[in-house]
Amino acid sequence: RIVAALARDAARMVPGVRVALGRSSHGRLATLTERATFGHRHPHAAVGVLGRTAVVDLAVAVSYGDPVHEVAREVQRQVIASLRDQLGLKTITVNVTVDDILSGDDDQ
C-alpha cells in the first residue's frame, strides 16, 4: 500500500495529471469517490515489489490539451525518482495508461 500511495502522490504532482489511480477509472466517478472518502481510499493499485525491485501500473486522467505522451513520460520520471528517494528501491518499472481526458468542466 505504501508503494502505491507514494506512486499516486508522485503522479498527482505532475502538471496536467488530474487523477492517478492504480487501475483504470472513469474521471468523474474517481473524483467523486475521492471527495466522498476525504481522499482516504486505497484503490487496488497494481504494484509488485520483490526486494529492491518494483513494478507499478498507474492509470491517469490528463487535462485536455496537454501533450499526453509528455505527461506520461513525466509521470514515469516522477514516480521512479520518488520511490528511489523515499523507499530506496533500485529497479523500478512504471507503466502509465492514460484512460481519460478531462476538460475543465470535469472538476465540478
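**Exercise 1.** Find the distance between the closest N and O atoms in the salt bridge of glutamate 74 with arginine 77.

*Solution.* Start with the criterion: a salt bridge is a side-chain nitrogen of Lys or Arg within 4 Å of a carboxyl oxygen of Asp or Glu. In this predicted model, local features need pLDDT of at least 70 and side-chain atom pairs pLDDT 80 or more, while totals for chains, interfaces and linings use all residues. Residues are numbered from 1 along each chain as its sequence is written, and side-chain values use heavy atoms, without hydrogens and water. For glutamate 74 and arginine 77, the closest N and O atoms are 2.7 Å apart. Next, the position: the two are three residues apart in helix α3, so about one helical turn separates them. Helices here are DSSP runs of H or I with at least four residues, strands are runs of E with at least two, and both are numbered from the N terminus.

**Exercise 2.** Is glutamate 74 buried, partly exposed or exposed?

*Solution.* Buried means under 20% relative accessible area, exposed over 50%, and partly exposed in between (1.4 Å probe, protein chains only). Glutamate 74 has 26%, so it is partly exposed. Arginine 77, at 45%, is also partly exposed.
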